[in-house]
Amino acid sequence: PITPSTEVAELLSEELPHVGGRFIQMEDEISSLCAVCAASVAGDKAMTATSGPGFSLMQEALGYAIMGEIPCVVTSVQRGGPSTGLPTKVAQGDVNQARWGVHGDHAIIVLTASSVQDVFAMTVEGFNMAETYRTPVILLFDEVVGHMRETYVKWEVGPEDVVERKSPVCAPADYKPYDFSGQSDDIAPLAVYGGPCVFRINGSTHDESGAPSIDPANADKFIRHYTDKFTKNLDDITIVNQFAMEDAEYAIITFGCSTRSAKAAMKAARAQGKKVGV
């Protein structure tokens, strides 16, 4: 628990057991994301939530999840920084850290929301993208949206709305956890850790089997892979809501709680004859 994401932990601790899930509170943010990685490779959908300095503490494990291609979800409900910053006030101080917080040579999927309805939808979408692309996904909300109470249209999520990860079809002895050759989507299947497939998840530069490798060609292949699997699928990953953009000559680019102020400014500008969209 950490302001302003504490309610995520509180509510999950109450609700997960009712639907066959488990909530575990670890001793700190470092172990939290490490536990999430372990739960994921053991076959479960797993997430954690944090903010500000807690997000900073998660960066090493986030880099490990990127390198190990471990599907998981990290929610950061943002506040102002630097350091402990303004724990109870709104800002969007984790944008650069979400994009560049780990060591580089990677891409990342970051989803955001501007309403309570979107928070729910983007959380489902975040898990689906994590499973599709074998990647951690960051849900980058902000304090106002995180603490907002407003009308919500209930969405009964069915099996058709949920993406399950791709499992290997080869014999267990032939399984290689990072072998994406021959895969139409360039994403390697992920076996359940502790099942019949014996393999290693490696945070070091590795080959298809997970064994460490310092071969330059191998390093080049995988470092490109950590970016290519997103850039080749930008049309499927990118989600943009547009308001009054059909005839717009000016566009306000925004996300999170500032979207509401931007739409008000758009309406005021339109009333003055200026073709503004959001």
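Start with lysine 221. Lysine 221 is partly exposed, with a relative accessible area of 31%. One caution before I go on: this is a predicted model.

What does lysine 221 form with glutamate 208? A salt bridge, with the closest N and O atoms 2.3 Å apart. Lysine 221 sits in helix H8, and glutamate 208 sits in the loop between H7 and H8. They are 13 residues apart, and the pair links distant parts of the chain. Glutamate 208 is partly exposed too, at 21% relative accessible area. The cut-off for buried is under 20%, so glutamate 208 does not count as buried.

Lysine 221 has another partner. It lies over the face of phenylalanine 180, at 5.2 Å from the ring centre. Arginine 99 lies over the face of tryptophan 100, at 4.0 Å from the ring centre.

Back to salt bridges. How many does the structure hold? It holds 11. Take arginine 165 and glutamate 131. Their side chains meet at 2.8 Å, N to O. Arginine 165 is in the loop between H7 and H8, while glutamate 131 is in helix H6, 34 residues apart. Are these two buried or exposed? Both are buried. They also belong to a network of salt bridges that links Lys45, Glu131, Glu164 and Arg165.

Now lysine 166 and aspartate 185. Their salt bridge is 2.8 Å, N to O. Each residue lies in the loop between H7 and H8, and 19 residues separate them in the chain. Lysine 166 is partly exposed at 27%. Aspartate 185 is partly exposed at 35%.

Next, the rings. There are seven aromatic pairs. One of them is phenylalanine 120 with tryptophan 155. Why is this pair edge-to-face? The ring centres are 5.8 Å apart and the planes are at 65°. Planes over 60 degrees apart count as edge-to-face, so this pair qualifies. Phenylalanine 120 is in helix H6, residues 116–133, and tryptophan 155 is in the loop between helix H7 and H8. The pair therefore ties together parts that are 35 residues apart in sequence. Phenylalanine 120 is partly exposed at 32% relative accessible area. Tryptophan 155 is partly exposed, also with 32%.

Return to helix H8 for another pair. Phenylalanine 222 and tyrosine 226 are tilted, with 6.5 Å between centres and 40° between planes. They are four residues apart in helix H8, so about one helical turn separates them. Phenylalanine 222 is buried, at 1% relative accessible area. Tyrosine 226 is buried as well, at 3%.

On to the core. The largest nonpolar core has 31 residues. Leu33, Leu62, Ile138, Phe199 and Ile201 touch the most other members. Helices H2, H4 and H8 and strands E2 and E4 each supply at least two residues. Which element gives the largest share? H4, with five residues. Look closely at leucine 62. Leaving out residues up to four places away in sequence, it touches Leu33, Val74, Val102, Pro136 and Ile138. There is also a second, separate core of 16 residues, including Leu111, Met129, Ile187 and Phe230.

Last stop, strand E1, residues 47–50. The side chains alternate. Thr48 and Thr50 point to one face and are buried. E1 pairs with E2 in the parallel sense, over four bridges. Methionine 47 stands opposite valine 73 in E2.

Note on methods. Residues are numbered from 1 along each chain as its sequence is written. This is a predicted model: local features need pLDDT of at least 70, side-chain atom pairs count only at pLDDT 80 or more; totals for chains, interfaces and linings use all residues. Side-chain values use heavy atoms; hydrogens and water are left out. A nonpolar core is a set of buried Ala, Val, Leu, Ile, Met, Phe, Trp, Tyr and Cys residues joined through side-chain atoms within 4.5 Å. Buried means under 20% relative accessible area, exposed over 50%, partly exposed in between (1.4 Å probe, protein chains only). Contact means heavy atoms within 4.5 Å. Two strands pair if DSSP finds at least two bridges between them. Rings of Phe, Tyr and Trp (its six-membered ring) pair if their centres lie within 6.5 Å; planes under 30 degrees apart count as stacked, over 60 as edge-to-face and the rest as tilted. A charge sits over a ring if NZ of Lys or CZ of Arg is within 6 Å of the ring centre and within 35 degrees of the ring normal. A salt bridge is a side-chain nitrogen of Lys or Arg within 4 Å of a carboxyl oxygen of Asp or Glu.
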